[in-house]
There are 2 protein chains.
Amino acid sequence: MTTAGGAGGATARSRAEHARRVADVLRQQITGGRFGHGLLPDERTLGTELAASRNVIREALGLLRSEGLITRRQGVGTIVVMPKYGHGLDRLAGLAEALTGYGPVTNEVRAARTISNPPAAVAERLELEPGTDVVYIERLRRLGGLPLSLDTTYLAPDIGANLLGHDLAGRDLFALIEETTGRRLGQAEVSVHAVNAGPDTAGLLQIEPGAAVFAIERLTRLADGRPVDAESVHIRADRLMLQATLHRSAPD
Amino acid sequence: MTTAGGAGGATARSRAEHARRVADVLRQQITGGRFGHGLLPDERTLGTELAASRNVIREALGLLRSEGLITRRQGVGTIVVMPKYGHGLDRLAGLAEALTGYGPVTNEVRAARTISNPPAAVAERLELEPGTDVVYIERLRRLGGLPLSLDTTYLAPDIGANLLGHDLAGRDLFALIEETTGRRLGQAEVSVHAVNAGPDTAGLLQIEPGAAVFAIERLTRLADGRPVDAESVHIRADRLMLQATLHRSAPD
C-alpha cells in the first residue's frame, strides 16, 4: 500500500476516491496559502508530491476547478483564482473589522428604511410586540471591488432609526450601533448554513446560480442581553472561509 | 412601505428580491425548530405572518425546496424534510459527542491502514519528517441510519497505530486518542468551507452532485501542542448547521 488512494485498481471508482482524497489535501494547501496567488506545480510534480498518478491528479484538479478554487490559464498552467479570506469565529466582529488589511470593504446600500408591518417572526426574534416597526437594512458588500456578501438585517426601531442618517456605505453596523447608543454589544448567537445560492442571491453576488454559499443567521444583543440586530448574511464561499481555534476543555 | 419586499412593483425582479428576504426569515424559523418535524402553515397564513403575497410565498418556498429544507407532500402540504442538527463551534468535540441525544451515530469504516508514502503536504502538516508513515482512517458517519458526513484523517504514526485495533465503527477518534495515549487533546485549528459536492462525495453521502456541503479542515493537537490528527470532513449541510455564541469583547 503506497498511496492514499489505496486499492491500486485502475477502476474509475477507485480513481474517483483517490482523486477526492488528493483534492482534500490540495484544498488545504491552496486555502492555507501554500501557493499564494500563484501557480500550482505541474501535474508531474504534483503527482510526486501527492503520491498519485497523472490521471488522479487531473481528476482532483477538476474537482477543485468545479469548486471555483483554481482555473487553467492557457500557456501558464493551473492557477489559484483568488485568495480565500479567513473570517474568525472566535469573537463577534463585523465583516469590515474582520477583513482589515485585506483591502477596502465598501457597501452598496440596497435598502435602508423603516418597515411598518414586519414579519411576525422578525418581531418575535427581536422580542418586540407584534406589529412594532423595525428598520430594514440591506447591503451588498464588496472587497477589492468584487462582491463578497449580501447582508440583510432587521433592527429594533430605536436602534435602527439612529443608524439611517449615518455612513452605511462605509461603516460596520456593529461600530455604528455602539457609537449611536453609547453602549457595547454583548454577544451573538450564530448559525452557519451551507446552501446552493438561489438566482437572486447569485445574481447580486456575481456567481453561478447553485454555487455553494454560506448563509449565516446572527442575532446580536446589547451587553444587557436585549436582541437588537437580526441578520441574515449570504457570503461567497469561494472568497471566504470561516476559521476558529477550538479548545478541548469545556468553556465553563 | 408595508412589506419587507418594499418596492411594491409586481415585476419579477422585485418579487424575486422579496421572495429571497421571506426565505431568509422562513429558513431561520425552520432551522430554529419553529415547525419541528411538522407541517408549515398554508400559503395564506404564511402570507399574513410574513406580510407577503401568495406569489412571493410560493417563490420563497421554491427557494427553500431547492435547498432541500422543505418538500411538498400530496394532500398534506409543505413539510420540513428533516431537522437540522446543531454542531457547536464553541469547543473541540467529536461529532458523536456533539450529537449525543439526537440518535445513534454509527461509522462505516471505509479505510483504516498505515500509508508508507503519504503526500508531502500531510507529513508537513503533522510536522513529520518527509516519508514518515502515517495512518489513514476514512469513515462514513450515519446518524439515525442516514449519511451525515464523510470523515477522512491522517494521524501521526505512533498515535494512529494504536487506534487500528479499536472500535472505529462505534467511537469518536478524539475519545480513542485520549484513551490510548492517556493524554488530553489540547486545541484544534478549524477552517470551514462551503463547497458543491463532487460526484464521489455526493454518492457516499446520498445527495445530489453539486449540493452544498461543508468541507471542514481540522488540525488537532495534543495538549503539548503537537499536531496528531489532520482531518478533512465533508458534512451534509441539509442535516447539520454549525452554531456558536460569539462575544464582543476581545478574547485576550
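This is a predicted model: local features need pLDDT of at least 70, side-chain atom pairs count only at pLDDT 80 or more; totals for chains, interfaces and linings use all residues.

Biologist: What rotation and what shift superpose chain B on chain A?

Modeller: In general, two copies of a chain are related by a rotation about an axis and a shift along it. Here a rotation of 180 degrees, with 0.0 Å of shift along its axis, brings chain B onto chain A at an RMSD of 0.0 Å, and that is the relation of a two-fold axis. The same surface serves both copies, since 99% of the contact residues of chain B recur in chain A.

Biologist: Which residue of chain B comes closest to the rotation axis?

Modeller: That residue is B:Ala212, whose C-alpha lies at 2.5 Å from the axis.

Biologist: How much area do chain B and chain A bury between them?

Modeller: The size of an interface is often given as the accessible area lost when the parts come together. In this model chain B and chain A bury about 7200 Å² between them, with 50% of it on carbon and sulfur atoms, and the contact draws on 89 residues from chain B and 88 residues from chain A. B:Arg20, B:Leu246 and B:Arg248 supply 13% of the area that chain B buries against chain A, which is more than any other three residues.

Biologist: Within chain B, at what angle do H1(B) and H3(B) cross?

Modeller: The axes of helix H1 (residues 12-31) and helix H3 (residues 54-66) of chain B come within 8 Å and cross at roughly 60 degrees; the two helices are therefore oblique to each other, and the crossing is right-handed. Among the residues that meet are B:Ala19, B:Val22 and B:Leu26 in H1(B), and B:Ile57, B:Ala60 and B:Leu64 in H3(B). By class, the residues of this contact divide into 12 nonpolar, 2 polar and 4 charged.

Biologist: And how is H2(B) placed against H3(B)?

Modeller: Helix H2 (residues 43-50) of chain B packs on H3(B) at an angle of about 100 degrees, with the axes 9 Å apart, which makes H2(B) roughly perpendicular to H3(B). The contact includes B:Leu46 and B:Leu50 of H2(B) and B:Ile57 and B:Leu61 of H3(B), and it has 4 nonpolar, 1 polar and 4 charged residues.

Definitions and conventions: Residues are numbered from 1 along each chain as its sequence is written. Chains are lettered from A and ligands numbered from 1 in the order in which they are written. Side-chain values use heavy atoms; hydrogens and water are left out. Copies are superposed by least squares on the C-alpha atoms of residues with pLDDT of at least 70 in both. Contact means heavy atoms within 4.5 Å. Axes are lines fitted to C-alpha atoms, for helices over the stretch in contact, and angles run from 0 to 180 degrees between N-to-C directions. Helices (H or I, at least four residues) and strands (E, at least two) are DSSP runs, numbered from the N terminus. Angles under 35 degrees count as roughly parallel, over 145 as roughly antiparallel, 65 to 115 as roughly perpendicular and the rest as oblique. A crossing is left-handed if the near helix is turned anticlockwise from the far one by less than a right angle, and right-handed if clockwise. Ala, Val, Leu, Ile, Met, Phe, Trp, Tyr, Cys and Pro count as nonpolar, Asp, Glu, Lys and Arg as charged, and the others, Gly among them, as polar. Buried area is the accessible area (1.4 Å probe) that two parts lose on being put together, summed over both.
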